[in-house]
Amino acid sequence: MTTHISPESRSLLFCSQIRELESFGKTQQTEYSLMQKAGIAAARLAAGILQEKHLPVLIIAGPGNNGGDACETAARLAMMGWHCTLLMYGEPGKYSEDTKKSYTFASELPLTLQGYQDLSDILSTRWALIIDGLFGIGLTRDMDEHYAELINGINKLTVRSDTAVLALDLPSGINPDTGDFTNTQMLAIRADYTLTFIANKPGLHTAYGKDFAGKVFVDDLGIQVSKIPESRCLLIEVDIEADMLALSSLRRLPNTHKGHYGHVLIIGGVQGMSGACLLAGRSALLAGAGKVSIGFLDAAASFDALHPEIMCKNIRDFTVTNEVLVAGPGMGTSHEAKKILQDMLRKNTPIVIDADALNLIAAEPELQVVLRQKTSPVILTPHPLEAARLLGKSITQIQHDRLSAAKQLATTFNAIVILKGAGSIVSNPNGDILINTTGNPGLSTGGTGDVLAGLCGALLAQGMPTIEAAKFATWIHGKAADELVDSGIGPIGLCAGELPQAIRNILNRLVRQSDFPSQRQRPV
Ligand SMILES: NC(=O)C1=CN([C@@H]2O[C@H](COP(=O)(O)OP(=O)(O)OC[C@H]3O[C@@H](n4cnc5c(N)ncnc54)[C@H](O)[C@@H]3O)[C@@H](O)[C@H]2O)[C@H](O)CC1
Ligand SMILES: [K+]
């Protein structure tokens, strides 16, 4: 039996694909059923979390097969000597065959079986670990009152104690495909760890799923790898070996000059918003662009006191030839801004479109036509509100299914899209989707989007292919924030202006590691 728990399973499968694999798995003759394998893997992980100390564990079993996984886990933990209380929902008479077997197995072992009628003892006990087997991928309706009471009670209990929560398959209440809640009450069990079965799932890595899943582990339950469909939805991880080719575009040969590393032109900066352009420009500079200019829409700053290397002019004084454009930071949405953007979109150069440039495109069908016709590389970097404007939807609709929104933007505008937010989505018009793994709430502050746009521009300017530039920029931007937080800078008070130096460190480290075979290692 192969029960291998890997924290790094990058392929993400949708619910319909998991169901197919589940059906296939059931036809395979093996010593253990899928449910038994799930229980064995979960008990093993729980033992690791508890560091083998035999403390009280609460296992919650719901009415479906997720509840069966829970019974199986409780049974295995009881056999290993843990003090288990199994809180049962649902009626044994209505269980699936597998769940019935697991329930019978558990009920014959030394553990405390409890019904859900009175939660007062449950919610006042100091559990070392709570295992959530209430609902898995089968939950589609709103929560009945007794489930709502349990979920609220568990979340209140764990927020003020050191009780750890392990979710089986997914935190109950989270949609496996989208990361949104499955219910209009916005209820889900908040987990510290999720052990997901058969394959990793997109909903654990974006939107509310990212908040509620904690650290994700994957167990394939021994399903033959050859049966697992090739996924078009992957987690972004930078891997020195696998990303060698993309990183090679950042290597520098001795006999080169600034012209080899491209010229990034930031376009924006109306009166009162020039800081956005400075942030984007500084980011492009520290991310390695050979030359950086800012074309201000209003009176230009004469130079950037922090980085006098950046050339500052009025945008009307530029003749655009082969620069990489970053349009939008602090651009405003005036008629003049629209005209300039229209001009820039017509140039046959790569362009990163952010902030007000996105708002202008959302409001002006003429600009949409020009954008769709572009043949040079385009990266759009909307946050959810900008995405909502571009698609004529509400933010709630965008966040309800971030993957579909990013996909729709990419196909509508024939561009690579980075939909920002917890678990940023990178979408390719060909249908491939990436979900970012780095970043933290320290990024929820003004100017971080300008830094991302500048970074995208710099990577394009240095010759990285468009999809790679979007992927690396998203990952490195989040990683920079993670490293700043690790060193005590943030999440509270992390400033966008602190990101470019951290980005520079990461880029140089990645290139160094990919350059010298002896130093190759994973960039963790
Ligand atoms: N089938 C297998 O061999 C394996 C399944 N695994 C686990 O099973 C779940 C999916 O199981 P399923 O029974 O389809 O769904 P759930 O357990 O999530 O529960 C759905 C269950 O609950 C009922 N229900 C749905 N919504 C509500 C509601 N709001 N109130 C009350 N009841 C509700 C619904 O009718 C169903 O009966 C999967 O996630 C895995 O954890 C394992 O992978 C092992 C193999
Ligand atoms: K669950």
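This is a predicted model: local features need pLDDT of at least 70, side-chain atom pairs count only at pLDDT 80 or more; totals for chains, interfaces and linings use all residues.

1. The range comes from UniProt, where an unreviewed entry annotates residues 241-510 as "domain: YjeF C-terminal".

2. The UniProt record (again an unreviewed entry) also lists a "binding site" made up of Lys-420, Gly-421, Ala-422, Gly-423, Ser-424 and Gly-449. How do these residues, spread over 30 residues of sequence, sit in space? They cluster, with a largest C-alpha distance of 14.5 Å. If you want a place to begin looking, Lys-420 is in the loop that runs between strand E16 (416-419) and strand E17 (425-427).

3. Now to ligand 1. Where does ligand 1 sit? Its site is the second largest pocket. There are 25 residues around ligand 1, and those that come nearest are Asn-66, Asp-69, Gly-136, Asp-142 and Asp-169.

4. A few polar atom pairs around ligand 1 may interest you if you plan to look at the pose. A polar side-chain atom of Arg-19 is 2.8 Å from an oxygen atom of ligand 1. The backbone takes part as well: a polar backbone atom of Ile-137 lies 2.9 Å from an oxygen atom of the ligand. On the nitrogen side, an N or O atom in the side chain of Arg-141 is 3.2 Å from a nitrogen atom of ligand 1. On its own, ligand 1 has 860 Å² of accessible area, and the protein covers 87% of it.

5. Two backbone details deserve a look. Most residues other than glycine have a negative phi, and most peptide bonds are trans. Which peptide bond is cis? The bond from Gly-490 to Pro-491 is, with omega near 15 degrees. Pro-491 belongs to the loop between helix H16 (466-486) and helix H17 (499-515).

6. The other detail concerns Ala-355, a residue other than glycine with a positive phi, near 50 degrees. Ala-355 is located in helix H10, which spans residues 355-363.

Conventions:
Residues are numbered from 1 along each chain as its sequence is written. Chains are lettered from A and ligands numbered from 1 in the order in which they are written. Side-chain values use heavy atoms; hydrogens and water are left out. A residue is near a molecule or strand if one of its heavy atoms lies within 4 Å of it. A polar contact is a pair of N or O atoms within 3.5 Å; within protein, one must be able to donate a hydrogen and the other to accept it, and residues adjacent in sequence count only if both atoms are side-chain atoms. Accessible areas come from the Shrake-Rupley method with a 1.4 Å probe; for residues, only the protein chains shown count as cover. On a 1 Å grid over the protein atoms alone, a cavity is a set of points where a 1.4 Å probe fits but cannot get out, and a pocket is an open set with protein on both sides within 12 Å along at least five of seven lines; lining residues have an atom within 4 Å of a point. A molecule sits in a cavity or pocket if more than half of its atoms lie within 2 Å of its grid points. UniProt positions are given in the numbering used here, feature names are shortened, and annotations may be inferred rather than shown by experiment. Helices (H or I, at least four residues) and strands (E, at least two) are DSSP runs, numbered from the N terminus.
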